[in-house]
Amino acid sequence: MIEAAIEQSVAGGRLAALAALTASYAEPSALVVNGGRVRTIAAGHYTVTGLSKLVHLGEFVAHRSPNGLHLGEVVRVEPDLIYVCPIEPGEPIGVGDTIIHQGAFRVSPDDSWCGRTINSLCEPIDGEGPLEKGQNARSINTTAPPSMTRARVEHGFRTGVRAIDIFSPLCLGQRLGIFAGSGVGKSTLLSMLARAEAFDKVVIALVGERGREVREFIEDTMGENMSKSICVVATSDESPMLRKMAPLVAMTIAEHFRDQGDNVLFIADSVTRFAHAIREVAVAAGEPPIARGYPASVFTELPRLLERAGPGVEETGTVTAIISILVDGDNHNDPIADSTRGILDGHIVLDRSLAEEGRYPPINPLASISRLATKAWTPDQKTLVSRLKALVHRFEETRDLRLIGGYRPGSDPDLDMAIKQVPVIYDVLKQTPGDDPAEDAYADLANALRAAAGQPVAQSAIARR
């Protein structure tokens, strides 16, 4: 109605068209097609009348202003009122402004997106020109494939990180969490895992990251691997809606490539900040908190996102998800960590005390578990890892005893072996992002143990290093 009036005014200069246009703005009850009016404005959300029968929860609306259209998500629907959280903070909005129903937010991924960096609205932020749209538009709020139609997880792959390849090996289609407090090394480990050669595509969601780290991650960490990667960025200063959308958009892109038959690596850093964004949106909509400040919708959205990863239906590819979980106060039983651990197929625990000792990556091999490790290990490797864990456990549980001089060599053969071999094992597990990925972690470990025992060492990655 408004657009038609403007066209009539420009074409014929008719005063009647201008009068109709002015009247449509001046009269609060007048509505455009699929549109409503702003009724109230509050911090974090605004309410709209006239759209309750047209919209659904999670759909998008657009606010019409002199600067253009500004998107917002419907977070609550009442009989005569809807609650909208704006996408852009500080958006100029006034009571009586026009709101247009837009529907579900859709993404149209394309192979040409590889090597690009985009925001949560699928707008390029790398200065390399516009994105080409693919043929299939997909909603960012889809559901996982039915469980009985999905392919089985069967095949292991090499990450190049020795601590993981030996103690917690991964499989294509697995979902793994990296649990750690702030500043322990989650992002560094994720950058090392992103270099794995087993994947056709890599999709990265940087949620709530520091703005200065984005270019460092893309240009330094990813490097040449960025040619097969797509990075979706929502920095910490952006609105909670954009931080909430970033992993949803990234997962939708990963699903697109999976359905084409590719093996995709999905990396999210971090899911905790995704949960924080959901909490901000839910509290603004009036949802009460139920667990340490988190509303119920957080524990609904987390499994909906994570269950979308994994193998697709038969004859398609896989989405292997590696996500980081920020453990508040190093408490591994906080609500987000505890809920996420129950959904995932394994967890890697980063220990602050190991980082303080200078052991990187600071992976605790005894606390880290891969639920699909048996599909990646051979029987001999499984036996070996069990023996290695027993030695590490024996070494750690007697640390205080040895420090006070209560250990006598020869009294316990297992402890004697642990004291000789565990420091060598720890040294082999040390790895930095600047090191080349390990080609054969078991060969590296065997050569190090042979060298410590004075035996001949075979040529391997650790020998070449």
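1. Four aromatic pairs turn up in a search of the whole structure. Rings of Phe, Tyr and Trp (its six-membered ring) pair if their centres lie within 6.5 Å; planes under 30 degrees apart are stacked, over 60 edge-to-face, the rest tilted. Y294 and F299 are edge-to-face, because their ring centres lie 6.4 Å apart and their planes meet at 70 degrees. Y294 is buried at 4% relative accessibility, whereas F299 is partly exposed at 23%. Buried means under 20% relative accessible area, exposed over 50%, partly exposed in between (1.4 Å probe, protein chains only).

2. F395 and Y426 are also edge-to-face: centres 6.1 Å apart, planes at 80 degrees. This pair links distant parts of the chain, with F395 in helix α12 (residues 379-397) and Y426 in helix α14 (residues 413-429), 31 residues apart. Both residues are buried. Helices (H or I, at least four residues) and strands (E, at least two) are DSSP runs, numbered from the N terminus.

3. A note on the source. This is a predicted model: local features need pLDDT of at least 70, side-chain atom pairs count only at pLDDT 80 or more, and totals for chains, interfaces and linings use all residues. Residues are numbered from 1 along each chain as its sequence is written, and side-chain values use heavy atoms, with hydrogens and water left out.

4. The whole structure holds 27 salt bridges (a side-chain nitrogen of Lys or Arg within 4 Å of a carboxyl oxygen of Asp or Glu). One of them joins E128 and R116, with the closest N and O atoms 3.7 Å apart. E128 lies in the loop between β8 and β9 (138-139) and R116 in the loop between β7 (106-107) and β8, so the bridge ties together parts 12 residues apart in sequence. E128 is exposed at 54%; R116 is buried at 8%.

5. E280 and R243 meet in a salt bridge at 3.2 Å, N to O. E280 is partly exposed at 38%, while R243 is buried at 10%. Elsewhere, R210, R212, E213 and E216 are linked in a salt-bridge network.

6. N119 sits in strand β8 (residues 117-119) and is buried at 14%. Its side chain reaches the backbone nitrogen of E123 at 2.9 Å. Beyond neighbours within four places in sequence, N119 is in contact with I125, V232 and V233 (heavy atoms within 4.5 Å).

Notes:
Polar contact = N/O pair within 3.5 Å; in protein donor to acceptor, adjacent residues only side chain to side chain.
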